[in-house]
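Please walk me through this protein. Begin with the overall picture, then move to one helix and the loop before it.

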Amino acid sequence: MMADEKTPEATPETTAAPEAAAATEMPAAEAATTEAAPADAAPADAPKQGRGRGRGGNNDNRGGGRGRGGRDGNRRGKREEEDDGIIEKLVHINRVSKTVKGGKRFGFAALVVVGDGQGRVGFGKGKAREVPEAITKATAAARKKMIRVALKEGRTLHHDGNGRFGAGKVTVRTAPPGTGIIAGGPMRAVFESLGVSDVVTKSVGSSNPYNMIRATFDALTDQTSPKSVAQRRGKKVADLLGRGGQVSEAEAEADAAAIVE
């Protein structure tokens, strides 16, 4: 009996003590794992940063989108070479529509005048479904049909002239320095592109820009210079400018030397 009294009996408190100890040890282990997790997670994040840098590197290489910029620059350079010294003026855009089963289909017609400002000028027209494409076609057509016009002193026409196309009639006259371009609408675009700074014009009849420009070109193609007339007649320019003895030979020679086509 005495031995039995010395042996402790298993009570709920004694059985719960080991479980509590285990419970207290488990959170500590979990805490240790949670504390160690960031260190272990660091290598997992490293590849992401590397990928991000890699993408950034790709973007930098793209930003070697300098290559793209270089291509664009080359294209612009080519465009500038094509447009070197060429003046382009949009004169008129006409919109037309065609009624189809699904509705209306629109198209555009552009009239463009081009010139180098030094005696060459041309015009063209283009048709397309979009305005920019129509302008591009008209510009290309105008460049192919440029004509040369003889200019006096590089600023005005050598003589007066008349032009006609259909119902359009125009009159062009030479003018002294400081007169300016007295012309309206399509005719002004022609003379600005041609490089004329002093001219007086008058349009009678049709106000259709196509007819006005064609009539203006008809008048410009009839322009001649004293040098071309002298070559055709086998004479000197001074002989033509002598005006039947009204001007001295010295003045005629000076006028002939001052003529610039």
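The paragraphs below go from the whole chain to local detail.

This is a predicted model, in which local features need pLDDT of at least 70, side-chain atom pairs count only at pLDDT 80 or more, and totals for chains, interfaces and linings use all residues. Numbering starts from 1 along each chain as its sequence is written, and side-chain values use heavy atoms, without hydrogens and water.

The protein has nine helices and ten strands. These are DSSP runs, numbered from the N terminus (helices: H or I, at least four residues; strands: E, at least two). Of its 261 residues, 28% count as buried. Buried means under 20% relative accessible area, exposed over 50%, and partly exposed in between (1.4 Å probe, protein chains only). Take the contacts, meaning heavy atoms within 4.5 Å. Among those with a separation of 6 or more, 55% join residues 24 or more positions apart.

Now turn to helix 7, residues 226-233. Its buried residues are P226, V229 and A230. Seen down the helix axis, they fall within an arc of 100°, so they line one face of helix 7. That arc is taken from the directions from the helix axis to the C-beta atoms. The face turned away from the buried side carries exposed Q231 and R232. G234 follows helix 7, with a positive phi near 70°.

Step back to the loop between helix 6 (209-221) and helix 7, where Q223 sits. Q223 counts as buried because its relative accessibility is 8%. What does its side chain reach at 3.0 Å? The backbone oxygen of H159. Leaving out residues up to four places away in sequence, Q223 also touches others, including V149, L157, D160 and V172.

Terms used: Polar contact = N/O pair within 3.5 Å; in protein donor to acceptor, adjacent residues only side chain to side chain.
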